[in-house]
Amino acid sequence: MIVRAPQLHESLRAFALGSFRALLQELERGADLPFAFEEHSSYDRPALYEYRPLVKPFIEAHAHTLRRRPDAELAVDELRREPAAAIFARAHAGPRATPPSESSLFGEGHQYGAIAPVIGITTGGATIELGNGIRIRAAGTGELAKLWPEANGLLPTDFGREPDRLSVLELERSLEPGATDPPDAPGEFADVVTAIRLATAAPVAAGPVLFERLDWRPYGIRPVLPIAATQPSGEPTRLDSFRAGLAADLLPRLALADEDRELGEALDRWELSLFQDGPFQTEQLRESLAALLGGSDGLWAAAVRGAILLGDTPRARAELQDRLAGDPEADVIRRALVETLMHGDRVQLVASLDESILGLRAPPPSYFAARAATG
């Protein structure tokens with residue numbers, strides 16, 4: 001093949017080779033090459049599991065480093081001097097794109113989006129707004145494959161065919177001018193999954209990967225955090241308006257765990273218990289309750305406080321204390337976590353519960369009772 005623009009060929013070749021070298025150095029310095037964990041199941045046969053390396057997202061995550069390399073600047077200069085190159089640049093960038101330049105990368109802000117499949121819940125086709133640009137909506141036919149041709153091999157089994165596998169979790173957000181990093185979509189999606197699990201007890205999961213776009217063009221593919229991408233056991237659940245509202249209320253309050261170590265421990269232990277059974281699950285639930293309401297007084301005190309927190313009559317409190325002491329029930333721990341998060345200040349809540357036990361004040365108002373009263 002005749003090379004019609006030798007100088008352009010050489011500059012692009014140098015950029016490609018230099019980029020390979022730079023990426024290898026990143027790996028040698030300890031950078032992680034992300035993987036997607038995929039399950040391949042078939043009827044009456046053991047499931048096979050595959051780790052799929054996400055090479056493209058790894059390259060895209062280091063694009064800012066590659067852009068600063070001298071060989072990248074030389075390649076851009078040569079592209080600008082070659083009129084025919086602009087045609088291919090516009091074809092790849094879309095009909096509204098301008099000729100290739102750094103201004104397309106560092107302009108007046110961008111529109112960021114991320115999408116991940118959601119399984120374990122049904123919505124009846126409704127769009128559920130969770131706040132801060134995050135929603136759950138019905139997946140469009142072929143919408144992922146249209147922008148990411150490799151998407152079909154990265155979707156959950158039977159996604160798009162089963163009733164609890166028809167929705168996606170979506171984040172849309174405007175980036176400030178000069179922003180150099182995208183939002184932490186894996187972390188935000190993991191919080192959404194936790195909030196829905198707390199609100200519904202549904203076996204919800206997202207992923208195993210999320211698909212990112214920038215200005216409505218493909219931007220990258222990243223793995224969802226493992227605890228959010230793994231589906232607990234259980235039957236799919238309808239995300240109705242009440243529980244969707246509860247999930248939306250819980251979502252911003254999960255940030256309280258960043259400053260409250262015991263609250264973070266309680267949430268982590270409860271969520272880990274979803275993937276265990278028998279004595280291992282029981283131990284996780286005990287540790288969750290003790291961290292949430294025990295303080296320095298231990299599990300027995302936590303069970304008494306939890307009964308006061310959740311029960312609205314003496315009989316209900318006695319029953320709840322039995323369900324919390326010894327082998328705590330997972331659903332009661334979930335409700336205690338929800339009430340604690342909605343009260344906001346866990347330490348103050350524990351103090352209020354102790355005063356209620358001594359008869360010095362009425363029990364703290366219940367979030368669920370308040371929601372029921374307001375309809």
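Predicted model: local features only at pLDDT ≥ 70, side-chain atom pairs only at ≥ 80, totals over all residues.
Residues are numbered from 1 along each chain as its sequence is written, and side-chain values use heavy atoms, with hydrogens and water left out.

Let me start with helix H4, residues 70–81, where helices are DSSP runs of H or I with at least four residues, numbered from the N terminus. Its buried residues are Asp71, Ala72, Ala75 and Glu78, and buried here means under 20% relative accessible area, exposed over 50%, and partly exposed in between, with a 1.4 Å probe and protein chains only. On the face turned away from that buried side, H4 carries the exposed residues Pro70 and Arg81.

Now to the salt bridges, each defined as a side-chain nitrogen of Lys or Arg within 4 Å of a carboxyl oxygen of Asp or Glu, of which the count comes to 26. Arg305 forms one with Asp354, their closest N and O atoms being 2.8 Å apart. This pair links distant parts of the chain, since Arg305 lies in helix H12 and Asp354 in helix H15, 49 residues apart. Arg305 is buried at 4% relative accessibility, whereas Asp354, at 27%, is partly exposed.

Finally, Arg135 and Glu129 meet in a salt bridge at 3.1 Å, N to O, and both belong to a network of salt bridges that also includes Arg137 and Glu143.

Terms used:
Helix = DSSP H or I, 4+ residues; strand = E, 2+ residues; numbered from the N terminus. Expected span 1.5 Å × (residues − 1).
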